[in-house]
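Here are my notes after a first pass through the model.

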Amino acid sequence: MSYENADGYKIRNQHGLHFMTFTVVDWIDLFSRQCYRDILVKNMQHCRLKKQLSIGAYVIMTNHMHVIWQSECGKLSDTVRDFKSFCTKEFIHAIQTENESRREWLLRMFQFHAQQTNQNKEYKIWTGTNHPEEIVTEKFLRTKLDYIHNNPVKAGWVAEPEDYLYSSASNYITGRGIMEIDYLF
């Protein structure tokens, strides 16, 4: 089964290497807080260890994340769905229980977006589009890898890609990062 996105992109090759972007509705800066970035990292690690997800690259920005992922068991769409669903549950729990100054506003926004769908959910955090692009050439892979790792530099947050904590750039450049990845080169 392939996961069709609202923008027409879909994961056709469930075993293929894909560049994807996961975006928060209305570009809400949810990931400006460390606790939410840590939820993403924890759940990526879980999918890597328990769902046979190969994580070739990632970067977590304030309202979206870019990844290069591949499913070793041929269930990439299922893994993406499960990752986003589980993160949503943990985000909502954290918003409700952590010291979050934006609590009421965030919950109201995510409830509003849930009401705009027919999915019968109380909260909607992610947009319906992942814009998956299968990577089939080394040139395209290097382009996407550079794009991912240079996002924090372009945002003006760091001078060098490896200086940004929530990215796989440091894995590639220094050999260590905040989580294990599956090196593409």
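1. Confidence first, since this is a predicted model. The protein chain has a mean pLDDT of 94, with 96% of its residues at 70 or more. The stretch I'd flag is residues 1–6, where pLDDT stays under 50. The model still gives that stretch 23 contacts beyond four places in sequence, and I'd keep the pLDDT in view when reading them.

2. Next, the helix pair. How do α1 and α2 pack? Helix α1 covers residues 34–50 and helix α2 covers residues 76–97; the angle between them is about 145°, and their axes lie 10 Å apart. The crossing of α1 past α2 is right-handed.

3. Who makes that contact? From α1 come Tyr36, Ile39, Leu40, Lys42, Asn43, Met44 and Cys47. On the α2 side you'll find Thr79, Phe83, Phe86, Cys87, Glu90, Phe91, Ala94 and Ile95. Sorted by class, the α1 contact with α2 comes to eleven nonpolar, two polar and two charged residues.

4. Now for backbone angles. As background, most residues other than glycine have a negative phi. Gln52 has a positive one, near 55°. Gln52 sits in the loop between α1 and β2, the latter being residues 53–60. Is Gln52 buried, exposed or partly exposed? Its relative accessibility is 41%, so Gln52 counts as partly exposed.

5. His131 belongs in this discussion too: its phi is positive, near 45°, and His131 is not a glycine. Look for His131 in the loop between α3 (103–115) and β4 (133–134).

6. Last stop, Tyr183, in the segment after α5 (169–174). What does Tyr183 touch, leaving aside its neighbours within four places in sequence? The list is Asn171, Tyr172 and Gly175. Asn171 turns up again in a side-chain approach: the side chain of Tyr183 reaches the backbone oxygen of Asn171 at 3.1 Å. At 42% relative accessibility, Tyr183 is classed as partly exposed, since exposed would require over 50%.

7. One distance to check while you have Tyr183 selected: from Tyr183 to Glu98, C-alpha to C-alpha, is 34 Å in space. In sequence, Tyr183 and Glu98 are 85 residues apart.

Methods:
Residues numbered from 1 in each chain as written. Predicted model: local features only at pLDDT ≥ 70, side-chain atom pairs only at ≥ 80, totals over all residues. Heavy atoms only, no water. Axes fitted to C-alpha atoms, helices over the stretch in contact; angles between N-to-C directions. Helix = DSSP H or I, 4+ residues; strand = E, 2+ residues; numbered from the N terminus. Left-handed = near helix turned anticlockwise from the far one by under 90°. Contact = heavy atoms within 4.5 Å. Nonpolar A, V, L, I, M, F, W, Y, C, P; charged D, E, K, R; others polar. pLDDT = per-residue confidence, 0-100. Buried < 20%, exposed > 50% of the residue type's maximum accessible area, 1.4 Å probe, protein only. Polar contact = N/O pair within 3.5 Å; in protein donor to acceptor, adjacent residues only side chain to side chain.
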